[in-house]
Structure formats: structure tokens, C-alpha cells
Amino acid sequence: MSVSPIGKVVLIGFMGTGKSSVSRLLAERLEWSCADTDEEVVRAEGRSISDIFADDGEGAFRDMESRELSKLLEAPEHAVIATGGGAVLREENRSAMLKHGFVVTLSCDPEKIIARVLLDKSRPLLKGAVRERVYGLLEARKGAYDFAHLTVDTTELSVDEVVDRIVMAWKQHSALP
């Protein structure tokens, strides 16, 4: 059974932009299920993302992430899907997101991202100098999130305000012929 493209809302964006928080409230508001690709990888592998990175490397993690994303996108139920910040790095992931869902980029000021993620030790890509890593990764991923149907800057917005904007845009998008 195939789900229409409006049956999924896919949240993309750099770490610390609010994807997890927004996905939970958005799913509640739409009365849909909520899934997080990082959580799905951890569940499927039975180990943390940090352990996967340490034991198998980023490439293996990206393979796992792509596999779990594909499962979520192709599932028949309506869902809000929060992706890991690097899920957009693979063309097949971007194409699948656009094919199966309404894609929303959450963006945020780099300094606000740093403040949000500074004490989070579970992020393997932030080992070392957090400020330099955040700016470096943002530069390396410049334009990677531009394919989305909608971009919402979360820097000065509450989670409720972000969800309101997404719901309004999703309703307009899903009403298109």
C-alpha cells in the first residue's frame, strides 16, 4: 500500500535545530505517529550512535541511517519523521524524502545551535572543539538542506510557533491538486 506524499512530514536540519522536540509536538498535533531515524538506528543495532561511529565509522552509520529512513518513509501509516542532521548527505535519501513526504528544514543561528548542543556528549561529530566543529560542519553542509518544501528558522521561535508554521504550510501543500 502506498502513502500519498502528504502522509509523511519529514524534518531535516543541522543538529540542535529542534527536530526531535518539534517532531513530537507536530505528531501529537496531527495525531500521527512520530519516529526519529537516530532512535531507529539505535534500536535496530542495539548500541549507541557514539558506539557505532567508534566501532564501524561514519560510513557504516550512514548506511544504517539510510536503511531505517527508507523503512520509515515506505511504511503505510501517516508519520512525522525526524532525521539525523546528516541524512541529507546522500542523494537517495533526499529523493526518497521528496517522493514520500512534505520536507521541512529547521534552521538556526550557529551560536544558538552551539548553546543547545554544547553539553550533549552523545553527538560523535562534536568531539573536540564544539564551536569549530559546528561552524565547520555548517560550512561543509551549506546548501544541503535547500531541497525542502519549507524552511523554518527556529532561532527565536518556540516549539509551538514552529509547529504552527509547519501545520499551516503542510495544509496548503496537501491541498494542492
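This section describes the fold, the sheet, the helix packing and the nonpolar cores of a predicted model. Residues are numbered from 1 along each chain as its sequence is written.

The protein chain contains eight helices and five strands, taken as DSSP runs numbered from the N terminus (helices, H or I, at least four residues; strands, E, at least two). Along the sequence these elements follow the pattern β-α-β-α-α-α-β-α-β-α-α-β-α. Of the 177 residues in the protein chain, 46% are buried (under 20% relative accessible area; exposed is over 50% and partly exposed in between, with a 1.4 Å probe and protein chains only). Among contacts (heavy atoms within 4.5 Å) with a separation of 6 or more, 75% join residues 24 or more positions apart.

The five strands form an open sheet in the order S2-S3-S1-S4-S5, with parallel pairing; two strands count as paired if DSSP finds at least two bridges between them. Strand S2 (33–36) and S5 are the edge strands, each pairing on one side only. The twist from one strand to the next averages 20°. S2 and S3 are joined in the parallel sense by four bridges, and Asp36 stands opposite Ala82 in S3. S1 and S4 also run parallel and are joined by four bridges, with Thr105 in S4 as the bridge partner of Ile12. Strand S4 (residues 102–107) pairs with S5 in the parallel sense, again over four bridges, and here Thr105 stands opposite Thr151 in S5.

Five of the six residues of S4 are buried, so this strand is largely enclosed by the rest of the structure. In a regular strand the side chains alternate between the two faces of the sheet.

Helix H1 (residues 19–30) lies across S1, S2, S3 and S4 and runs at about 165° to S1. Axes are lines fitted to C-alpha atoms, for helices over the stretch in contact, and angles run from 0 to 180 degrees between N-to-C directions. Helix H2 (residues 37–45) packs against helix H4 (residues 58–74) at about 110°, with the axes 9 Å apart. That angle makes H2 roughly perpendicular to H4 (65 to 115 degrees; under 35 is roughly parallel, over 145 roughly antiparallel and the rest oblique). Residues of H2 in this contact include Val41 and Arg43, and those of H4 include Phe61 and Met64.

The largest nonpolar core has 24 residues, a core being a set of buried Ala, Val, Leu, Ile, Met, Phe, Trp, Tyr and Cys residues joined through side-chain atoms within 4.5 Å. Ile12, Phe14, Met97 and Val134 have the most contacts inside this core. Strand S1 (8–12), H4, strand S3 (79–82), helix H6 (110–117) and helix H7 (130–140) each give two or more residues to the core. Another core, of 20 residues, lies apart from the largest one and includes Val80, Val104, Leu106 and Val167. Not counting residues up to four places away in sequence, Phe14 touches Lys19, Leu106, Ile113, Val134, Leu137, Leu138, Arg141 and Tyr145.

Methods: This is a predicted model: local features need pLDDT of at least 70, side-chain atom pairs count only at pLDDT 80 or more; totals for chains, interfaces and linings use all residues. Side-chain values use heavy atoms; hydrogens and water are left out.
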